[in-house]
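Thanks for asking me to look this one over.

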Amino acid sequence: MKKELAIKLNNVHKSYFLANGDEVPVLKGINLEIKNGEFVALMGESGGGKTTLLNIIGVLHPLSSGEYYLDGENIGEVQDDFTLAYIRNKKMGFVFQQFNLYLRLTALKNISLPALYAGQERQVREKKAMELMESVGIKNRAEYKPTELSGGQQQRVSICRSLINDPEILLADEPTGALDSKSGLEIMKIFSDLKKRGKTIIMVTHTSEVAKYADRVIFLRDGKVVDNDYKLTSHY
Amino acid sequence: MFLEIIKMSIESLWGNKIRTFLSMLGIIIGVSTVIAVVGIGKGAEQSVNEQFQGLSANSLIIMSSRSRGSTGSSNLKASDASVVKEKAEYITEATSLVRGSETVSVGKESANVSILGIDHNYFDVSNYTLKEGESITEEDIDSREKKVILGFNTVENLFEGDVDLVGQNITIKGKSYEIIGVLDEIGSSFGPVVPDDSIFVPYTTAEKSILGTKAFILLNLTVGSVENVEVATQEVSAILREEHKLKASADDDFRISDAGSMVGAAQESAQLMTVLLTAVAAIVLLVSGIGIMNVMFVTVAERTREIGIAKAIGAKQFDVLSQFLLESVALSTIGGFFGIILGLGALYLINYLNIMLIAYTVIGPIVGFSFSVIVGVFFGFYPAFKASRLDPVDALRGE
Ligand SMILES: Nc1ncnc2c1ncn2[C@@H]1O[C@H](COP(=O)(O)OP(=O)(O)OP(=O)(O)O)[C@@H](O)[C@H]1O
Ligand SMILES: [Mg+2]
């Protein structure tokens, strides 16, 4: 049975260590809860730790201390590569500001890559990839390489990639940050569409225009949550 | 999945043709060196073995040696062989060989030919076979018959066209000798004796009628068993000293060498050559491995971002490791393959140009190829391992 809470963080701390051994505390006791099916925006001043937090949620980073419940299970201390790779592969989809696509591979191959790591047959994963591309209107760009695509198209490719293994949670770090406002808007339409289809979405953004699409906004300042239920007037 | 990873590896190698080729070059040279070296080394061993064929470890060779300062010639005589055979307890067989050269003529043709005065069992002991005619008998030796057997090449030198040789005569020092047989081709052989270029007469005839004091005497003794070679040497030495009436203070007027240690030494030096050349090849391979490691580090550094992406979308450490490892193995395997072709080509060329005796063995290619795969795994592992342990966020940030 599905738990109501998708993600719960309890007093999460995260420090970086510089080459000279100095400790840089970035997250200083984060508490937050995100329900299944929620669309949450993360905002805050630059350098406030939004990316760091998102990377922790996406298990790209270990946390320094605290508890991280994913589907009710504390995975804060999991270090096993198999489990972490499984979570990144199957449970979460990541969308980056800089797209992070393989420049050597076509859109189709880029999108199917996570399914390859999941051990899916080629026909199955490429069929799924084509369906996803169709749903975001870039089906005719399947054989293009990222360098032959516009920014908005590249971001749609990376959204398709994040969806190929049907994860429940989507993590997006400034997905519109590198796009003009028109393409940004189109990307946000895709996200609200995904929200309607039941995905849990956590998105970092700087602009309230973009944050409007979210159910609520969580504000970070100096490594702490200062407001976790800020509402902006929604577009719909 | 595995196939896809291999395909990706090959694609990325193909995408960097020049670098791929340069890093392969080390492996190619290394593997072809191994193959050439093993071929040449084994060839040398083989040619040593061939040279010494028929010379068993339990034979002793005695030659005349004139002691320094003394003017007198050696007292070694062909007949010493029978004396030794009679008196020495450890010697089971003894034959003498009288060597020299003399002008031989047939009609108007004449040539200086190597003459070998032999015992009746010389052909048997040396494994020489007759193409036609018959061999020299004990009676021929006792009665110093003027009979001669021709070595394979001398026929051509002395006679024109196809003639029935047996029964014909040749002239040596104004005397007529009857040809009683012709030898098969022997090929290369040990020592200064080239049987194909020699003619054979009874040793008594050679010593007394043809060569006289010019004769170079060589006794060939067989020791009953190999363990006794040393005692036999001492025994024979004592017998000959007595026979030659040497004073206790006088040096030997003969030299005894045993074939076993001669063969052993030659084999050892051939083996040493193989070992040395192999060591050179191993160093070349090692250096090429370091080259591969270097290239893999560069590749990993170049693709740090890709590694970060792969991990962010769910690649396991194992996936990353195997991808890079496969790449370096593919690099070295393909290099090894070309190395085999090049190495075999070099051997073929050496053989074709008759530079050296070559042994084609499967050992060379097998060793060379497995070495190249091992080099790929061994030197590719560390860079691949480092790549697989990269932190995804750091990797995404790094260029
Ligand atoms: N690898 C690192 N080593 C040391 N300090 C780091 C490292 N990564 C981030 N930081 C520090 O952590 C703080 C938070 O960084 P983070 O990228 O999470 O901020 P952010 O809120 O996403 O900022 P932005 O809005 O500009 O993207 C920054 O002050 C940064 O200097
Ligand atoms: Mg950020």
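1. A word on naming: helices (H or I, at least four residues) and strands (E, at least two) are DSSP runs, numbered from the N terminus. This is a predicted model, in which local features need pLDDT of at least 70 and side-chain atom pairs count only at pLDDT 80 or more, while totals for chains, interfaces and linings use all residues. Residues are numbered from 1 along each chain as its sequence is written, chains are lettered from A and ligands numbered from 1 in the order in which they are written, and side-chain values use heavy atoms, with hydrogens and water left out.

2. Let's begin with the second largest pocket. On a 1 Å grid over the protein atoms alone, a pocket is an open set of points where a 1.4 Å probe fits, with protein on both sides within 12 Å along at least five of seven lines; lining residues have an atom within 4 Å of a point. The volume, about 490 Å³ here, is the space filled by probe spheres set on the points, which are joined across faces, edges and corners. Of its 28 lining residues, the closest to the centre are A:Leu103, A:Arg104, B:Glu302, B:Arg303 and B:Glu306.

3. Which helix gives the most to this lining? That is α9(B), with four residues. In chain B, α1 (2-14), α2 (17-51), α9 (259-302), α10 (304-312) and α11 each supply at least two. The lining divides into ten nonpolar, nine polar and nine charged residues (Ala, Val, Leu, Ile, Met, Phe, Trp, Tyr, Cys and Pro count as nonpolar, Asp, Glu, Lys and Arg as charged, and the others, Gly among them, as polar).

4. Now to chain A, where an open sheet of four strands has the order β2-β1-β4-β5, with antiparallel pairing. β2 (23-35) and β5 (73-74) of chain A are the edge strands, each with a single partner, so one side of each lacks a neighbour in the sheet. Two strands pair if DSSP finds at least two bridges between them; β1 (residues 5-17) of chain A and β2(A) have ten. A:Ile7 stands opposite A:Ile34 in β2(A).

5. Please also look at β9 (residues 216-221) of chain A. This strand runs parallel to β3 (residues 39-44) of chain A, joined by five bridges, and A:Val40 has A:Arg216 as its bridge partner. With β10 (residues 224-230) of chain A, β9(A) pairs in the antiparallel sense over four bridges. β9(A) and β10(A) form a hairpin with two residues between them, and A:Asp222 in the turn has a positive phi of about 55°.
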